[in-house]
Amino acid sequence: MTGKKKLCLALAVLFAVNILIICLTQNVSAVTYQRGSSGSGVTQVQTKLKNLGFYKAEIDGIYGSRTEKAVKDFQRSYGLTVDGKAGPKTLKALGISSGGASGSNSGDVALLARLISAEARGEPYNGQVAVGAVVLNRMKHPSFPNTMSGVIYQPGAFSCLDDGQFNQPVADSCYQAARDALNGWDPSGGAIYYFNPATATNKWIWSRPLLIVIGKHRFCS
């Protein structure tokens, strides 16, 4: 093959790669959530709408009729096309990246999922998310470390690190629960503590103001 032919082939390959990148980018930017969608992206849409007063129902990550209505009300108020779909323009108006839910790196998701699984694998899904939210609430609180690993590995903070549960296989649901917590869903109502009254041995924990009970856990401030 001559040098000219090699150059032409190289340019053709480069052109094809560029086209592929453009297509992939366009597919990402064109993400749309609508009735029937589910997952962390929908959770973030619901969270944003709830914070703005448009969504009154439970944040469950499922794009149903109530989410659709909230999106329509939001679109109407912000001068957007009222179609009930959370497309790129609506996501931008909500302050959400059109590439999907604002994510965290996979290391954070994996670490938080492991903690959730060890502490709450048998709990209702919103209880699993709430445990993850407690970790994130602690990161923002002056009484705790400001990193995820610092909070989770803080001596005496979580019994699962001492009883071996932390090293058990992670339940599948806990990965999604970790993502939902990282994307802003907090079923705990801002709690920084939780405990199971059936197994708690620390009397002090009972003095903490109760915020909500989910499953077997009491979440406290």
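**Entry 1. A buried charge**

I began with glutamate 68, which counts as buried at 17% relative accessibility. I take buried as under 20% relative accessible area, exposed as over 50% and partly exposed as in between, with a 1.4 Å probe and protein chains only. The model is predicted, so I read local features only at pLDDT of at least 70 and side-chain atom pairs only at pLDDT 80 or more, while totals for chains, interfaces and linings use all residues. Residues are numbered from 1 along each chain as its sequence is written, and side-chain values use heavy atoms, with hydrogens and water left out.

Which side chain meets glutamate 68 in a salt bridge? I found arginine 35, at 2.7 Å from N to O. My rule for a salt bridge is a side-chain nitrogen of Lys or Arg within 4 Å of a carboxyl oxygen of Asp or Glu. This pair links distant parts of the chain, 33 residues apart. Glutamate 68 sits in helix 3, and arginine 35 is in the loop between helix 1 (3-29) and helix 2. I number helices (H or I, at least four residues) and strands (E, at least two) from the N terminus, as DSSP runs.

**Entry 2. The rest of the salt bridges**

By this rule I count 3 salt bridges. Side chains of opposite charge can pair when their charged atoms come close. Aspartate 73 bridges to lysine 69, with the closest N and O atoms 3.0 Å apart. Aspartate 73 also bridges to arginine 76, at 3.1 Å. Lysine 69 lies 4 residues from aspartate 73, about one turn of helix 3. Arginine 76 lies 3 residues from aspartate 73, also about one turn of the helix. Together, Lys69, Asp73 and Arg76 form a network of salt bridges.

I then looked up accessibility. Aspartate 73 is partly exposed at 22%. Lysine 69 is exposed at 52%, and arginine 76 is exposed at 52%.

I checked the length of helix 3 (residues 65-77).

Which residues of helix 3 are buried? They are Thr67, Glu68, Ala70, Val71, Phe74 and Gln75. These cover an arc of only 160° around the axis, so they sit on the same side of helix 3. The arc is that of the directions from the helix axis to the C-beta atoms. Arg66, Lys69, Arg76 and Ser77 are exposed on the other side. Just after the helix, glycine 79 has a positive phi of about 70°.

Is alanine 113 buried or exposed? It is buried, with a relative accessible area of 0%. Alanine 113 belongs to helix 5 (residues 106-120). Setting aside neighbours within four places in sequence, I found alanine 113 in contact with Val170, Cys174, Tyr175 and Ala178. Contact means heavy atoms within 4.5 Å. Valine 170 is 57 residues from alanine 113 in sequence, yet their C-alpha atoms are 7.0 Å apart.

Helix 9 (residues 172-182) buries Cys174, Ala177, Ala178, Asp180 and Ala181. They fall within an arc of 165° seen down the axis, so they line one face of the helix. Glycine 184 follows helix 9 with a positive phi, near 110°.

**Entry 3. Cores**

I next looked up the nonpolar cores. Each is a set of buried Ala, Val, Leu, Ile, Met, Phe, Trp, Tyr and Cys residues joined through side-chain atoms within 4.5 Å. The largest has 45 residues, and Val45, Leu49, Leu115, Val135 and Phe219 have the most contacts inside it. Helix 5 gives this core its largest share, 8 residues. Valine 45 touches Tyr33, Val71, Ala86, Leu91, Leu94 and Ile96, not counting residues up to four places away in sequence. Another core, of 6 residues, lies apart; among them are Tyr193, Phe195, Ile205 and Cys220.

**Entry 4. Strands**

Last, I followed strand 3 (residues 217-220). It pairs with strand 1 (residues 193-195) in the antiparallel sense over 3 bridges. Two strands pair if DSSP finds at least two bridges between them. Tyrosine 193 stands opposite cysteine 220. Strand 2 (residues 210-214) is also antiparallel to strand 3, over 4 bridges. Here isoleucine 212 stands opposite phenylalanine 219. The hairpin of strand 2 and strand 3 has 2 residues between the strands, and glycine 215 there takes a positive phi near 60°.
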